[in-house]
Amino acid sequence: EIPGLKGIAVACTWTFLTSMVPYLAFSKISGEFSIFPVFLWLSQIITFYVITGLSDIRDLEIDPAHLRTMVQRLGIQRTIRTFLILLLLSMVLALSAFYRDRIVAPQLTGILCGNTLLMLFALKSKTRQPDWFYTILVDGVLIFQWLVFFLLDKVLFY
């Protein structure tokens, strides 16, 4: 019943499994504590949170008022501006993880490309957008991120 808690809980769980577990399993740096892998995790939490938040824009007219989603509280335009700022913060966190050699260039490129694409989708979000816009395009950003990473890592840098 706490507003926004579900989105944050899902984002934390999903991104921990898809960014931190692989990082911890395949990291070449062992035995050294660093805050920068947490920056990677926070970066992905923000990305995932924005993805779920964009669906709230679509659902604005059908969601019950008691949900108190961000878009219900702030309105569409302020929510989109908030999402753009969060995505820029996500990029800064990913850049700092890269700078400290915690992620590789293909992974950083995937994150930056995915978040840039998500920013464009955020600017196009509206309540009467077709379902495919959110289902295929917005939800597909995470797949796009990892596709860019895979192609750069395995094809270009192999």
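The model is predicted, so local features are taken at pLDDT of at least 70 and side-chain atom pairs only at pLDDT 80 or more, while totals for chains, interfaces and linings use all residues. Residues are numbered from 1 along each chain as its sequence is written, and side-chain values use heavy atoms, with hydrogens and water left out.

Colour the chain by pLDDT, the predictor's confidence in each residue from 0 to 100: the mean is 84, and 89% of residues reach 70 or more. Confidence is lowest in helix α1 (residues 5-26), with a mean of 75, and highest in helix α4 (residues 76-99), at 94; helices here are DSSP runs of H or I, at least four residues, numbered from the N terminus.

Next select Val-71, in helix α3 (residues 70-74), which is buried at 2% relative accessible area (buried is under 20%, exposed over 50%, partly exposed in between, with a 1.4 Å probe and protein chains only). Beyond its neighbours within four places in sequence, Val-71 contacts Asp-56, Ile-57, Leu-60, Ile-76 and Thr-79, a contact being heavy atoms within 4.5 Å.

Now turn to the rings: the whole structure holds five aromatic pairs (Phe, Tyr or six-membered Trp rings with centres within 6.5 Å; planes under 30 degrees apart are stacked, over 60 edge-to-face, the rest tilted). Phe-16 and Trp-41 are edge-to-face, with centres 5.3 Å apart and planes at 70°, and the pair ties helix α1 to helix α2 (residues 36-58).

Note on methods. Helix = DSSP H or I, 4+ residues; strand = E, 2+ residues; numbered from the N terminus.
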